[in-house]
Amino acid sequence: YYALTAYDRGSPEFFPAENNIAISVVEDGSVVTGANVVEVTPNAPAAGYFQGGLNDVASQIAGSGTGQVIAEVVDPTQLKQNAVYTMQMAGTPTTASTFTVSRLYNGLEETVISDGRVASPEASVFDGVRFRVINDITQLLADSTRWVDVPDSTVMPLFVGEANIATWRLSGRTLPFDYTIEVVDPIDGDSSLGGFKLGSRGPTSAALKTNLDIRNATLGTKAEFVYLDRTAGTAAFNEVGDIIIVIETVGETKVATLGIRFAPPTNPDQLARFRFPELGDRFVVRTRKPFSERDAFRVETYASGINDEDARAQLDRVRVVPNPYVAGASWERDLPPTITSGRGERRIDFIHLPAGAKVQIFNVRGELVRTLYHDGGMDDGTVRWDLRTRENLEVAYGIYLYHVEVEGLGSTTGKLAIIK
């Protein structure tokens, strides 16, 4: 018996009442459990059983979130063969709050989860599977933010951080976007954003034609930016003191995000090794990103089943437990509370049976005592015998023979003993 409660130790004495873990035996001997209690009987699966699973890990098919989505099998018996599931997240361009799961199975596509929560995806179980989300937080990746396609020791280093200028009371924030900054011919360069108020005490930006092509690589769009030119009128990003402030629209408001400026070494000998960026030089800004409305994942399942060749080879694993049966077995239940005389439950199990097996039990004279059939699921290879004959009479103590037959697979035989 397993109980689920809100405390380390559940008890009917604790409130709320949902923590009730009561188990009782009623007059007919059946067991009644509370809403939080389940009864589980562990058994070996049918012969030849193989457990279904995932054809591969969940793969990201869209979006740029840098976290992880892990698909987990929680009930192999519910898995479908060659079913493809797509998890599509929903929310905003920067944050995902919900998700849907669609299933493509036998040519039919339908939604199986319509409003899953990214914060608690484990609660959304479908066809024996659930997703687990390990989300990232927005963070600048300093090691990956650099000049590309040129030696690191060639182009003047850049400092990238939130656009915070205290004297202007300007506060920037990092958003989950990657950017590319390429030095181009001024004819082809972007114009910076004019009319943007730089903090409550700062100036208003002017629109300047620059030698830069700045793009939001995550959204695949041009990026707006403010350009602060140390030498007025040049608008060429080639001087210490030139500053780029990336601007993004959040809701309906334009906000400052990252500030980018040259960071020359203080040692004159080291400074001589660097040059300012030239035509064609490209700088990339990388970030860690939580999942957003753009992210989607896909996973494919294969169903549990029976391998006939393995089932045939495993026929010799069929067993009777306990064998011998001596007076009783530990799992047998007591008499019902209202009955004061009699033997109570008697039971032995045939285990490791193939699915669909027929079990015939004979006495030593060759007379058929009982016929049993395996009609359970393939995840349970057990058939119970209550030690009664076809006429519902208790069997006598002694030696019995059994014959297990499975159509198309073969048969096996064995003995069992019932001892007083």
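How many bridges join β30 and strand β33 (residues 398-406), and in which sense do they pair? The legends below take this up in the third view. The model is predicted, with local features needing pLDDT of at least 70 and side-chain atom pairs counting only at pLDDT 80 or more, while totals for chains, interfaces and linings use all residues. Residues are numbered from 1 along each chain as its sequence is written, and side-chain values use heavy atoms, without hydrogens and water.

**View 1. An open sheet of five strands.** The strand order is β15-β23-β17-β18-β19, with antiparallel pairing. Strands are DSSP runs (E, at least two residues), numbered from the N terminus; two strands pair if DSSP finds at least two bridges between them. β15 (146-148) and β19 (221-222) are the edge strands with a single partner each, so one side of each has no neighbour in the sheet. β17 (residues 179-183) and β18 (residues 212-216) are joined by five bridges, and Thr180 has Arg215 in β18 as its bridge partner.

**View 2. Surroundings of Leu212.** Leaving aside neighbours within four places in sequence, Leu212 is in contact (heavy atoms within 4.5 Å) with residues including Ile181, Val183, Tyr227, Phe237 and Ile244.

**View 3. Strand β30 and its partners.** β30 (residues 358-363) and β31 (residues 368-373) run antiparallel, joined by five bridges; Lys358 stands opposite Tyr373 in β31. Four residues lie between the strands of this hairpin, where Gly366 takes a positive phi near 85°. With β33, β30 pairs in the antiparallel sense over six bridges, and Ile361 has Tyr402 in β33 as its bridge partner.
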